Amino acid sequence: MKYTIITALLLAILLPQTTTATANPGDKFSFNGFSGGMTLHCGYLWGGRMTFPTLGGDISSQSMRGVPIGIGGSAKLHFGNHLRIGAEGYSTKLKYGDFGSSLSLGWGGLSADWQIRSGRFLPYAGITVGGGSATDLVFAKSPVHGDDTVMADGNIAYRKYGFAAIVPFIGVEFEVSRRMRLVLKADWLIKTGSPSRSFPSGPRIYFGFSFYHAHASEKR
């Protein structure tokens, strides 16, 4: 996934600059380690609609709503006991409509969140700012399957475009060990800029894991 690769590159640029800068251990926002992991996600999206004229002169209108499924990852630098700044990237796919239409989304960006500790649970909230690309593939009728090909008799629409986005999120981590935590997160991808009726919105739920390398000064 290209957005996960972008995440890794951003961390590779940020991490050496941060670790080589010797911060005062008593500073409230001194560098305090880093983490990274992977998550799977699902949820429910609604509100988008693809409408286009078919070759037969009819109007096809497919409502985008359903359960998306995807995967992605994040990497974060820790400052003090609460602030984390990093990057993340995800890819998700939504099947919708009556004839197997699909919407694919890939996005990523820079993130910041604030985390607190309550025993082995660490709730947090934050925001990601970035962008990505969307690909719509809409069938106005059931495609005809041949031996090696799929044909739609011209009743098909394809659209690909980029977008900017902000993504507020909340989540909680469970500390399995000092080096590993389980992650549960929810977010809402908001497309910014020019409005698009074919861009659905809704919550996504993430579950995965994260590996940690924290300084011994972290409050537990």
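This note walks through the fold, the core, the ring pairs and the charged pairs of the structure above.

1. **Ground rules.** This is a predicted model: local features need pLDDT of at least 70, side-chain atom pairs count only at pLDDT 80 or more, and totals for chains, interfaces and linings use all residues. Residues are numbered from 1 along each chain as its sequence is written, and side-chain values use heavy atoms, with hydrogens and water left out.

2. **Overall fold.** The protein has one helix and 13 strands. Helices (H or I, at least four residues) and strands (E, at least two) are DSSP runs, numbered from the N terminus. The order from the N terminus is α-β-β-β-β-β-β-β-β-β-β-β-β-β. Of the 220 residues, 43% count as buried. Buried means under 20% relative accessible area, exposed over 50%, partly exposed in between (1.4 Å probe, protein chains only). Contact means heavy atoms within 4.5 Å. Among contacts between residues at least 6 apart in sequence, 67% join residues at least 24 apart.

3. **The core.** A nonpolar core is a set of buried Ala, Val, Leu, Ile, Met, Phe, Trp, Tyr and Cys residues joined through side-chain atoms within 4.5 Å. The largest one here has 19 residues; Tyr96, Leu103, Leu105, Trp107, Phe163 and Leu189 touch the most other members. Strands E2 (45-53), E5 (83-96), E6 (101-115), E7 (121-139) and E10 (156-175) each give two or more residues to this core. E10 gives the most, with five residues. Look at Leu189: leaving out residues up to four places away in sequence, Leu189 touches Leu105, Trp107 and Phe163, among others.

4. **A lysine to check.** Lys191 lies in strand E12 (residues 190-192). Lys191 is buried yet has no salt bridge; the nearest side chain of opposite charge, Asp136, is 10 Å away. For charges, Lys and Arg count as positive and Asp and Glu as negative; His and the chain ends are not counted. Beyond four places in sequence, the contacts of Lys191 include Tyr161, Phe163 and Phe199.

5. **Ring pairs.** The structure holds ten aromatic pairs. Rings of Phe, Tyr and Trp (its six-membered ring) pair if their centres lie within 6.5 Å; planes under 30 degrees apart count as stacked, over 60 as edge-to-face and the rest as tilted. Trp46 and Trp188 have ring centres 5.6 Å apart and planes at 90°, so this pair is edge-to-face. Trp46 is partly exposed, at 33% relative accessible area. Trp188 is partly exposed too, at 34%. Tyr124 and Phe169 also pair edge-to-face, with 6.2 Å between centres and 65° between planes. Tyr124 is buried, at 5%, and Phe169 is buried, at 4%.

6. **Salt bridges.** There are seven salt bridges in the whole structure. Each is a side-chain nitrogen of Lys or Arg within 4 Å of a carboxyl oxygen of Asp or Glu. Asp113 and Lys76 meet at 2.9 Å, N to O. Asp113 lies in strand E6 and Lys76 in strand E4 (residues 69-79), so the pair ties together parts 37 residues apart in sequence. Both residues are buried. Glu173 and Arg84 form another bridge, at 3.1 Å, N to O. Glu173 is in strand E10 and Arg84 in strand E5, 89 residues apart.

7. **One network.** Salt bridges that share partners join Lys76, Arg84, Asp113, Arg117, Glu173, Glu175 and Arg181. Lys76 also lies over the face of Tyr124, 5.0 Å from the ring centre. The cut-offs: NZ of Lys or CZ of Arg within 6 Å of the ring centre and within 35 degrees of the ring normal.
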